[in-house]
Amino acid sequence: YAWAKDAAGNVSSYKSASLTLSMPDLIVSAVSNWSTTITASRRSFSITDTNKNQGNAAAPVSATKYYLSTTTARTAQSVLLGGTRSVKAIASRKTSRGSVKVTVPAGTAKAVYYAIACADDNAIVNESSESNNCRASSRKITVKY
């Protein structure tokens, strides 16, 4: 319901109407990388992802960032990788696929990790859902240094 209020504080009677919001919703629909071992002399690998706009409005330019995580979710303990993919505007129900070379920061703890891609990681795009932007790869990364 909506009401109007004038400068004198008078409130109109309410009006009922339907409202449809058109908003983008970016997700990572696919992410892949080769299983690899990270050493002091080999700290980078390539990762490929597909961003999908599953919303009902076009999404403007955004950026996908990548992480290492010991679980299939990005957490506060996830390690941000060097390397970002710039994603062009995506129309409703369309996708954008691309690859980027990422670098594991020196000092990353020895462990086995999932590679995670997060669409619109800087939260530039106002989306219908901000909680569905990340996806983990099924192939793992082993850090040995």
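## A buried threonine

A residue counts as buried when its relative accessible area is under 20%. Keep that cut-off in mind as you look through this predicted model. With a relative accessible area of 9%, Thr 36 is therefore buried. You will find Thr 36 in strand 2, which covers residues 36-38.

What does the side chain of Thr 36 make a polar contact with? The partner is the side chain of Arg 42, at 2.9 Å. If you set aside the neighbours within four places in sequence, Thr 36 is in contact with Arg 42, Phe 45, Lys 140, Ile 141 and Thr 142. Strand 8 spans residues 134-143, and Lys 140, one of the contacts of Thr 36, belongs to that stretch.

Let's turn to strand 7, residues 111-118. Six of its eight residues are buried, so strand 7 is largely enclosed by the rest of the structure.

Strand 7 pairs with strand 4 (residues 62-69) in an antiparallel arrangement, joined by five bridges. One place to look is Tyr 66, whose bridge partner in strand 7 is Ala 117. Strand 7 also runs antiparallel to strand 8, and here seven bridges connect the two. In this pairing, Ala 111 sits opposite Val 143 of strand 8.

## A nonpolar patch on the surface

Now for the outside of the model. Trp 3, Val 11 and Tyr 14 make up a nonpolar surface patch, and together they have about 380 Å² of accessible area. Tyr 14, one of these three, lies in the segment before strand 1 (26-33).

Note on methods. Residues numbered from 1 in each chain as written. Predicted model: local features only at pLDDT ≥ 70, side-chain atom pairs only at ≥ 80, totals over all residues. Heavy atoms only, no water. Buried < 20%, exposed > 50% of the residue type's maximum accessible area, 1.4 Å probe, protein only. Helix = DSSP H or I, 4+ residues; strand = E, 2+ residues; numbered from the N terminus. Pairing = 2+ DSSP bridges. Patch = residues over 30% accessible without salt bridge, like charges linked within 9 Å, V, L, I, M, F, W, Y side chains within 5 Å. Areas by Shrake-Rupley, 256 points an atom, 1.4 Å probe, with all protein chains shown as cover. Salt bridge = Lys/Arg side-chain N within 4 Å of Asp/Glu carboxyl O. Polar contact = N/O pair within 3.5 Å; in protein donor to acceptor, adjacent residues only side chain to side chain. Contact = heavy atoms within 4.5 Å.
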